[in-house]
Amino acid sequence: MQQDREMKELPYKIFLEEKELPCAWYNLRADMPVKPAPLLNPATGEPVTSQELEKVFCSEGVRQELDDEHPWIPIPEPVRDFYRVYRPSPLVHAEFLEKLLDTPARIFYKFEGNNTSGSHKLNSAAAQAYFVKAQGLKGVTTETGAGQWGTALSMACAFFGLECKVYMVKVSYEQKPFRREVMRTYGAEVTPSPSETTQVGRKILAEFPGTGGSLGCAISEAAEAAVTRPGYRYVLGSALNQVMLHQSIIGLETKAALDKYGITPDVIIGCAGGGSNLGGLIAPFAGAKLRGEADYRMIAVEPVSCPSFTRGRFAYDYCDTGRICPLAKMYTLGSSFMPAPEHAGGLRYHGMSPVLSQLYHDHVIEARTVRQTEVFAAARDFARVEGILPAPESSHAIRAAMDEALECRKTGRRETIVFGLTGTGYFDMKAYERFNNGEMQDLPLSDEVLTESLNRLPRF
Ligand SMILES: *Cc1c(COP(=O)(O)O)cnc(C)c1O
């Protein structure tokens, strides 16, 4: 009875009010008993200093990157103003998915796809663009693979009045002309990578004429372009500590929405590419767990084709293929790892957030892999009942949440499951087409390929 009443009062979408938009980001590192290992300078093997990092990143970005101490970092008012354009984002009670699965579990998802970039990435793009602008700088450079990050950054730069130079992996540039045009509409200059515009690009083109490029190569070009242009800084869409910090807004809003209805989650699930969306979603919950105030299961979901947590090694590695950026201690498949052409482009990164890596190493969070055919089956089922066409990346979390709910059907447990729906999949129709035609294949990773890549890890 009590439960029925509670269910009735629970709306389908829980919206926070505008004034409930968080005023500060939460820095989970402050509550970690074992801090993530420091970034190392690839030339010296010593921890990087803020002076070294400031050549690449803006000053506030560097401060946030190195801050293991302060739990709360105020969100500047201009960033909150921009957040108000598309936040607070709804926490949806997935009633129709529950019915479909005939499960006693309750399922909620935090929907981050309600902006033109189509993903959570705008949360950090806004913050990074603002801090670069506030420092009086002129512009930023970045790389983009599938295009979500480049789009988000273009939007943020348009809003704050910054120049934006995007190096887009050449195959994506050619295959996803609409993504490119969205970025150009927002004022970004988009260059297919590798290009003739950088030294590293010319070198790669000379060595591999006609190559379609890779994310690692685009990162190297973007980083070179930033340090060689006066007034420019380089920005990154995931993996870094500062990105996870900005993404904590997802978890803070989620917790506030659940608290409104007295709901305590049992399991929190998110897909993991570089780890920033999952890290942001779980941040306040993981903090409570680390402080011994509550207990939650937290699950990272990754593709079988790029299993950083579940088959990678916890070691120092390069963050980029060009080996320009600092080394991070993280779960990694090796910076020379070339993932199979998995459709979830945002999950094809060889490494993982150092924060999440430490938490996984310390058994605070769990991880599992899923195959892309079962991921797209989950995406289809979800789209049909919940009305949103999910991004392939997000659908990894949907798959795991559905599996968890189906397990509850077997055991009769009435778990509360929360997952992150990071974005929409309108630019991924080629992938959906392959799935609908029955042409999609799973892309398992062989031990040989993995071992060869891990053997090339640097020794630090
Ligand atoms: C980039 C992206 C991801 C991966 O996010 P990380 O924070 O790097 O783990 C997931 N979903 C969507 C829609 C994305 O665009």
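This is a predicted model: local features need pLDDT of at least 70, side-chain atom pairs count only at pLDDT 80 or more; totals for chains, interfaces and linings use all residues.
**The ligand**

Keep Thr-422 on screen and show the ligand. Thr-422 is one of the closest residues to the ligand, along with Lys-121, Ser-238, Gly-273 and Ser-276. In total, 19 residues surround the ligand. Colour this shell by residue class, and it divides into 4 nonpolar, 13 polar and 2 charged residues.

Next, display the distances to the ligand's oxygen atoms. A polar backbone atom of Gly-273 is 2.7 Å from an oxygen atom of the ligand. For Gly-274, a backbone N or O atom lies 2.8 Å from a ligand oxygen atom. Gln-148 uses its side chain instead: a polar atom there lies 3.2 Å from an oxygen atom of the ligand. On its own the ligand has 390 Å² of accessible area, and the protein covers 98% of that.

Domain 1 comprises 2-79 + 119-234 and domain 2 comprises 91-117 + 241-454. Both give residues to the shell, so the ligand lies between them. Two helices to highlight here are α13 and α17 (392-411), each of which supplies at least two residues of the shell.

**Helix α13**

Select residues 276-290, which form α13. Where does α13 bend? The bend is at Ala-283 and amounts to about 55°. A proline, Pro-284, follows within four residues of that point. Switch to a surface view and α13 is mostly covered, with 13 of its 15 residues buried. Step just past the end of α13 to Gly-292, where phi is positive, at about 75°.

**Backbone exceptions**

The next stops concern backbone geometry. Most residues other than glycine have a negative phi, and most peptide bonds are trans.

- Go to Ala-239, in the loop between β9 (232-234) and α12 (241-260). Its phi is positive, near 65°, and the residue is not a glycine. At 12% relative accessibility, Ala-239 counts as buried.
- Go to His-363, in the loop between α15 (354-361) and β14 (366-370). Here phi is about 60°, again positive in a residue that is not a glycine. His-363 has 71% relative accessibility and therefore counts as exposed.
- Select Arg-87 and Pro-88, which are joined by a cis peptide bond with omega of about -10°. Pro-88 belongs to the loop between α4 (77-86) and β4 (91-93).
- Select Ser-193 and Pro-194, also joined by a cis peptide bond, with omega of about 5°. Pro-194 is in the loop between β8 (189-193) and α10 (199-207).

**Last stop**

Finish at Ile-73, in strand β3 (residues 72-74). Its relative accessibility is 11%, so Ile-73 counts as buried. Then select Arg-380 as well and draw a line between the two C-alpha atoms. How far apart are Ile-73 and Arg-380 in space? The C-alpha to C-alpha distance is 39 Å, and the two residues are 307 residues apart in sequence.

Technical notes: Residues are numbered from 1 along each chain as its sequence is written. Side-chain values use heavy atoms; hydrogens and water are left out. The bend at a residue is the angle between axes fitted to the seven residues ending there and the seven starting there. Buried means under 20% relative accessible area, exposed over 50%, partly exposed in between (1.4 Å probe, protein chains only). A residue is near a molecule or strand if one of its heavy atoms lies within 4 Å of it. A polar contact is a pair of N or O atoms within 3.5 Å; within protein, one must be able to donate a hydrogen and the other to accept it, and residues adjacent in sequence count only if both atoms are side-chain atoms. Accessible areas come from the Shrake-Rupley method with a 1.4 Å probe; for residues, only the protein chains shown count as cover. Ala, Val, Leu, Ile, Met, Phe, Trp, Tyr, Cys and Pro count as nonpolar, Asp, Glu, Lys and Arg as charged, and the others, Gly among them, as polar. Domain bounds come from an automatic or database domain assignment.
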